[in-house]
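This briefing is meant for a reader who is meeting the structure for the first time. Please look through the sequence and the 3D view before reading the points that follow.

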Amino acid sequence: MEFKMQNMRIGQGYDVHAFAEGRKLILGGVDIPHTKGLLGHSDADVLAHAIADALLGGIRGGDIGKLFPDTDPAYAGADSLVLLAAVANKVREEGYVILDVDSVIAAQAPKLSPHREAMRQNLAKAMGIPVENIGVKATTTEHLGFEGREEGISATAVALLYKED
């Protein structure tokens with residue numbers, strides 16, 4: 001496939017959620033065993049939210065909160081992979097192909113590397129792209145910041161999109 005540079009777009013996304021008692025910890029659609037989950041209107045999957053924002057940024061479509069406001073009861077407890085799939089469909093409706101997505105989760109705990117491949121599989125399926133085209137990394141913050149104090153988790157993502165003629 002030959003690419004025209006003027007048809008490429010990059011989007012960037014970021015999300016953060018605080019830890020909360022009595023919630024599941026869902027990252028990349030994976031239920032990760034931990035003493036706390038993340039607080040949010042939906043399932044609070046920071047990774048899926050950051051990727052959705054990166055995709056929306058690439059099409060200049062605002063952010064996930066614009067499409068799925070936390071004031072709408074329809075999205076209470078929503079599965080973020082379903083929301084991500086809707087965003088990926090919107091990207092395609094705008095004429096873009098999702099070429100590549102890369103992401104980083106910042107969390108002091110729990111250990112995320114054992115869940116990385118399952119996250120990649122879930123995210124790729126939700127976006128309708130090959131798993132080889134999605135990167136998921138995790139890092140600690142060396143006990144610095146809110147992630148280091150184990151108050152919450154953040155995620156960043158970038159997406160490379162291509163608009164077909």
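In which loop is the place of Thr140? In this predicted model, Thr140 sits in the loop that runs between strand 6 (134-139) and helix 5 (145-148).

**Thr140 and its surroundings**
- With a relative accessibility of 31%, Thr140 counts as partly exposed.
- Once neighbours within four places in sequence are set aside, Thr140 is in contact with Ala107 and Gln108; Ala107 lies 33 residues away in sequence, yet the C-alpha atoms of Thr140 and Ala107 are 5.1 Å apart in space.
- The side chain of Thr140 also reaches the backbone nitrogen of Glu142, at 3.4 Å.

**Helix 1 on its own**
- Helix 1 covers residues 46-58, and its 13 residues should span 18 Å at 1.5 Å a residue, which agrees with the 18 Å between its end C-alpha atoms.
- Helix 1 is mostly covered, with 12 of its 13 residues buried; among them are Val46, Leu47, His49, Asp53 and Gly58.
- Just after helix 1, Arg60 takes a positive phi of about 60°.

**Helix 1 against helix 3**
- The axes of helix 1 and helix 3 (residues 80-93) come within 9 Å and cross at roughly 10°, and the two helices are therefore roughly parallel to each other.
- On the helix 1 side the meeting residues are Ala48, His49, Ile51, Ala52, Leu55 and Leu56, while helix 3 contributes Ser80, Leu84, Val87, Ala88, Lys90 and Val91; the residues of this contact divide into 9 nonpolar, 2 polar and 1 charged.

Terms used: Residues are numbered from 1 along each chain as its sequence is written. This is a predicted model: local features need pLDDT of at least 70, side-chain atom pairs count only at pLDDT 80 or more; totals for chains, interfaces and linings use all residues. Side-chain values use heavy atoms; hydrogens and water are left out. Helices (H or I, at least four residues) and strands (E, at least two) are DSSP runs, numbered from the N terminus. Buried means under 20% relative accessible area, exposed over 50%, partly exposed in between (1.4 Å probe, protein chains only). Contact means heavy atoms within 4.5 Å. A polar contact is a pair of N or O atoms within 3.5 Å; within protein, one must be able to donate a hydrogen and the other to accept it, and residues adjacent in sequence count only if both atoms are side-chain atoms. The expected span of a helix is 1.5 Å times one less than its number of residues. Axes are lines fitted to C-alpha atoms, for helices over the stretch in contact, and angles run from 0 to 180 degrees between N-to-C directions. Angles under 35 degrees count as roughly parallel, over 145 as roughly antiparallel, 65 to 115 as roughly perpendicular and the rest as oblique. Ala, Val, Leu, Ile, Met, Phe, Trp, Tyr, Cys and Pro count as nonpolar, Asp, Glu, Lys and Arg as charged, and the others, Gly among them, as polar.
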